[in-house]
Structures are given as C-alpha cells and as structure tokens.
Amino acid sequence: MEDTLAGAGRPPVEDAAVPAFWRRLGLPGLADVHVHFLPPRLLRKVWAYFDAAGPLVGTEWPIRYRWSDAERVAHLRRLGVRAFTALAYPHRPGMAEALNRWTLDFARATPGCLPSATFYPEPDTVRYVAGALDAGARVFKVHVQVGGFLPTDPALDAVWGLLADAGVPVVVHAGHAPVGTPHTGPEPFAALLARHPGLTAVVAHLGAPDYAAFLDLAEKYERVRLDTTMAFTSFFDRFMPFPAGELPRLRELGLAGKVLLGSDFPNIPYPYAEQLAGLERLDLGDDWLRAVLWENAADLFALA
C-alpha cells in the first residue's frame, strides 16, 4: 500500500471508535503484546498497590478497567484486539511456576490469547521454563524493576540462552519507568544482550525514559524490538515524553518490524483508545501504523 504521512481519519478518542480506526487502515484488527491477566488474588494485590501509589509507581494511578477477566476479554474483542498476551510476573522466588500454570490455562481457554509465561532467578528456573515451552508458551515476561534483580543475574544465564535458542520472545520491563531502581536502565540490558545477542526481546514502554539508548539497542541487535506501552499518552507525557528528535528513528524501526503495539491493559488510567490516538498523532504514516498495530506482531508470532 502507498504510504500516507497524514492519516485521513481522526484519532480515536473513546473505545467505541477503535474498530473504525483500524478498519480505516485496512487491518484485520489489532495485536497487543503488552496485556496483563493474573490470578484474581494477585491481581487484587496489584491493583491495591497502584491505588496506594506504591514506591515503584510513584504517582496517582487509577485503574480504568477494574473488571472481571470475562468482562476484560469481551472488551478486547469489542475493540478488535485479535491477539493479546496474558503477562504475569513474580516479585519473589517460588511464584513463577504457579503463575505459568495459571496463564497457560487461561490462554487455552481464551481464543486470541498468546500462551504466556514468566520466570525469576532461582535454582529451578531452567526446569520450569523448559516445561512452559513444552506446554506451548509463545511469549515470556520479565519485570526486573518489580522482581528486584539484574537481567544479568547468573541464575538466569542458562534461561536466556534457552529462550534465545528457542526464538521465543521475552517482553522485558528493562527501563527506569515509572521509578528507576539499581536493576533497571539501558546498561544492564545492554550487558545482557552482549552475552545473548540472539535473544528475541521486546523492550516494554520503548525503554522509557531512556528512549534513545534503547533505540540504539534495537538498531544494533537484530532480534530486539520495542513496544509502545503507555508512550505518547497524555499521562506518560507529563513526566517522560518521547523526544521529538527521535521520531525519525522510531519510524524506521517500526517499518523494519521492530516496534509493536503495547497498552498495559487493564492497568491504565485512561481509555484504551488513548494509546492508539497517541500513535496516530505522531503522523508517522499509515504504513507505520499498520506495521505497529498488526503486521509486526503478526510476523513475530505467525498470526493468521
């Protein structure tokens, strides 16, 4: 299709306008690589942490979609999100394997959900990650900020190698956003990639706030990608706006298959449509939007 640098439609303001938005682009729907589904008890604890603006949140963060699993799946379908993850992540040892059982069961019962898994640095990580792969896991999630560990933790070296060899993507919250820790930032992630240059990694939140450094890594490493989660929304732009001077690089990376739609649904303080509107307002072209909203994930996950 011929590229159009000025979209013909208006950015979607409310969720009801989302299907018309992707239909205008000629897409079959949306693919969102950064969606969370968690066991109910854990999800309630996560929402309570956001309600309290905990130390790793750092600001008022009202959850927009505080609904049941069934209601949230139904809403994704109304939006036209045809493929999505069920990202879970542990904050201490002994959690990950049980989370994997739950998320993999959830995917089996939920059409459109990519079988998702996670891990934590502990003695049996290789065993249960291999088990999750055998059970069909197609994407993993690692959150070094919440987990409180470096991606280069020696307990994870064999796991990163296993996933690199398998070519299974790992969505990594490696950046400092929303609150930095000694385990976050581009330097620890760059050190991981130096050890495992073949790792298929998707950097959450475009690596905010160190956007340029993470764009560098996506350019340097063939299998490194970035997701758009929360970037270009009015909420995120208040404290970590994307630098305008980096937009040409973002456009090139998107057209090269290296930028994917992410939303953080349901843990967002604004309508889902705001993520899409922010991407539309960048005016990077319809070809770029088609790539980011569907095509790049379709290639990565072999979506029909």
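**Entry 1, His 173.** I started with His 173, which is buried at a relative accessible area of 5%. (Buried is under 20% relative accessible area, exposed is over 50%, and partly exposed lies in between, using a 1.4 Å probe and protein chains only.) I am looking at a predicted model, where local features need pLDDT of at least 70, side-chain atom pairs count only at pLDDT 80 or more, and totals for chains, interfaces and linings use all residues. Residues are numbered from 1 along each chain as its sequence is written, and side-chain values use heavy atoms, with hydrogens and water left out.

I found His 173 in strand 5, residues 170-173. (Strands are DSSP runs of E, at least two residues, and helices are runs of H or I, at least four; both are numbered from the N terminus.)

Which side chain does the side chain of His 173 make a polar contact with? I found that of His 143, at 3.3 Å. (A polar contact is a pair of N or O atoms within 3.5 Å; within protein, one must be able to donate a hydrogen and the other to accept it, and residues adjacent in sequence count only if both atoms are side-chain atoms.) Leaving out residues up to four places away in sequence, I listed what His 173 touches, including Lys 141, Val 142, His 143, Pro 178 and His 205. (Contact means heavy atoms within 4.5 Å.)

Next I moved to strand 3, residues 116-118, where Ser 116 sits. With 0% relative accessibility, Ser 116 counts as buried. Its side chain reaches the backbone oxygen of Leu 114 at 2.6 Å. I also checked Thr 103, which is 13 residues from Ser 116 in sequence but 6.0 Å away in space, C-alpha to C-alpha. Thr 103 is also one of the residues that Ser 116 touches, along with Thr 85, Ala 86, Leu 87, Leu 104 and Val 139, once residues up to four places away in sequence are set aside.

Two packed helices are described by the angle between their axes and the distance between the axes. I read an angle of about 150° and axes 10 Å apart for helix 12 (residues 272-281) and helix 13 (residues 286-301). That makes helix 12 roughly antiparallel to helix 13. (Axes are lines fitted to C-alpha atoms, for helices over the stretch in contact, and angles run from 0 to 180 degrees between N-to-C directions. Under 35 degrees is roughly parallel, over 145 roughly antiparallel, 65 to 115 roughly perpendicular, and the rest oblique.)

Is the crossing of helix 12 and helix 13 left-handed or right-handed? I noted it as right-handed. (Left-handed means the near helix is turned anticlockwise from the far one by less than a right angle; right-handed means clockwise.) From helix 12, Leu 276, Leu 279 and Glu 280 meet Trp 288, Leu 289, Val 292 and Leu 293 in helix 13. I sorted the residues of this contact into six nonpolar, no polar and one charged. (Ala, Val, Leu, Ile, Met, Phe, Trp, Tyr, Cys and Pro count as nonpolar, Asp, Glu, Lys and Arg as charged, and the others, Gly among them, as polar.)

Helix 11 (residues 247-255) packs on helix 13 at about 50°, with axes 9 Å apart. That makes helix 11 oblique to helix 13. This crossing is left-handed. I saw Leu 250, Arg 251, Gly 254 and Leu 255 in helix 11 meet Asp 287, Trp 288, Ala 291, Val 292 and Asn 296 in helix 13. Here the residues divide into five nonpolar, two polar and two charged.

I followed up on Asn 296 in helix 13. Asn 296 counts as buried, at 6% relative accessibility. Its side chain reaches the backbone oxygen of Gly 254 at 3.0 Å.

Most residues other than glycine have a negative phi, and most peptide bonds are trans. I went looking for exceptions. Ala 208 and Pro 209 are joined by a cis peptide bond, with omega about 0°, and Pro 209 is in the loop between strand 6 (201-203) and helix 9 (211-220). Leu 206 lies in the loop between strand 6 and helix 9, and its phi is positive, near 55°. I have Leu 206 down as buried, at 1% relative accessibility.

The peptide bond from Phe 265 to Pro 266 is also cis, with omega near 5°. Last, I looked at Asp 283, in the loop between helix 12 and helix 13. Its phi is positive, about 60°. At 44% relative accessibility, Asp 283 counts as partly exposed.
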